[in-house]
Amino acid sequence: MPSSTRRWLVVLAAWTAFVWINRIVNAWGSTTETAVAKGVSIVLATVFLAFAAATARIAWRARREPLDRVSALVLRAFAGWAVSVWLVRALAIVLADHSAGFKAVHVALAVISIGLSLPAWAAGSRRWSLQVTPG
C-alpha cells in the first residue's frame, strides 16, 4: 500500500477518534438527552471507534505486508458505514430544529468524515480488484 494511502488511513482513524470521543463526552454530560438517546449515541460512537482502531492497525500492518482480504473488507465496511451514518445524521440535523451554527458544524463534520472515508474505500477496492482467487 502506498505511504500516502497509509497516511490518509491514519488521518481517518485519528479524525474519527476525535469526533466520536467528543460525542461520547457530550452525550455523557448532556442534561437534555434521555438515557436511551445517550445509550444510542455511545453505541454508535463505539462502533466508529472500533472501526478507527481497526483502520489504524491496518495502516500500521500495511507498512510491511500487502493488504489482505479481511483488511480490505474492513476498510470498505468502515467507509460505507461512515458515509451512510453521516448522510443520515446530516440530513436529520439539517431538518431538525437546531441553530444555524449547530447545523453548519455538523454538516462540516459530515463532509470531512465522508471525504476522509474515500481513501479507505479506494484502498479496499483496489485490493479487491487485484484478487485473482479467493483467500
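A helix here is a DSSP run of H or I with at least four residues, a strand is a run of E with at least two, and both are numbered from the N terminus. This is a predicted model, in which local features need pLDDT of at least 70 and side-chain atom pairs count only at pLDDT 80 or more, while totals for chains, interfaces and linings use all residues. Residues are numbered from 1 along each chain as its sequence is written, and side-chain values use heavy atoms, with hydrogens and water left out.

If you go from Ala54 to Val111, you move 57 residues along the chain, and the two C-alpha atoms are separated by 22 Å.

Now zoom out. The protein has four helices and zero strands, and reading along the sequence gives the pattern α-α-α-α. Its C-alpha trace spans about 50 × 25 × 25 Å along the principal axes. Of the 135 residues in the protein, 33% are buried.

How do the helices sit against each other? Two packed helices are described by the angle between their axes and the distance between the axes. The axes are lines fitted to C-alpha atoms, for helices over the stretch in contact, and angles between N-to-C directions run from 0 to 180 degrees. Take helix 1 (residues 3–29) and helix 2 (residues 35–61): their axes come within 8 Å and cross at roughly 160°. That makes helix 1 roughly antiparallel to helix 2. For such labels, angles under 35 degrees are roughly parallel, over 145 roughly antiparallel, 65 to 115 roughly perpendicular, and the rest oblique. The contact of helix 1 with helix 2 has 18 nonpolar, three polar and three charged residues. In this sorting, Ala, Val, Leu, Ile, Met, Phe, Trp, Tyr, Cys and Pro are nonpolar, Asp, Glu, Lys and Arg are charged, and the others, Gly among them, are polar. The crossing of helix 1 and helix 2 is left-handed, meaning that the near helix is turned anticlockwise from the far one by less than a right angle (clockwise would be right-handed).

Val19 belongs to helix 1. With a relative accessible area of 9%, Val19 is buried. The C-alpha atoms of Val19 and Ala45 are 8.7 Å apart, although 26 residues separate the two along the chain.

Helix 1 also packs with helix 3, at an angle of about 45° and with the axes 13 Å apart. These two helices are therefore oblique to each other. The crossing of helix 1 and helix 3 is left-handed. From Arg89 to Ala13 is 76 residues along the chain, with 19 Å between the C-alpha atoms.

On a 1 Å grid over the protein atoms alone, a cavity is a set of points where a 1.4 Å probe fits but cannot get out; a pocket is an open set with protein on both sides within 12 Å along at least five of seven lines; and lining residues have an atom within 4 Å of a point. Grid points are joined across faces, edges and corners, and a volume is the space filled by probe spheres set on the points.

How many cavities of 30 Å³ or more are there? The count is two. The largest cavity holds about 40 Å³ of space, and its lining includes Trp15, Trp20, Phe78 and Trp86. Helix 1, helix 3 (69–95) and helix 4 (100–130) are the elements that give two or more residues to this lining; helix 1 gives the most, with four. By class, the lining of the largest cavity has seven nonpolar, three polar and no charged residues. The second largest cavity has about 40 Å³ of space, and its lining has four nonpolar, one polar and three charged residues. Arg61, Glu65 and Asp68 are among the residues that line the second largest cavity.

Finally, the largest pocket has a volume of about 370 Å³. Its lining is made up of 17 residues, and Arg23, Asn26, Arg89, Phe102 and His106 lie nearest its centre. Helix 1 supplies the largest share of that lining, six residues.

Definitions and conventions
Buried < 20%, exposed > 50% of the residue type's maximum accessible area, 1.4 Å probe, protein only.
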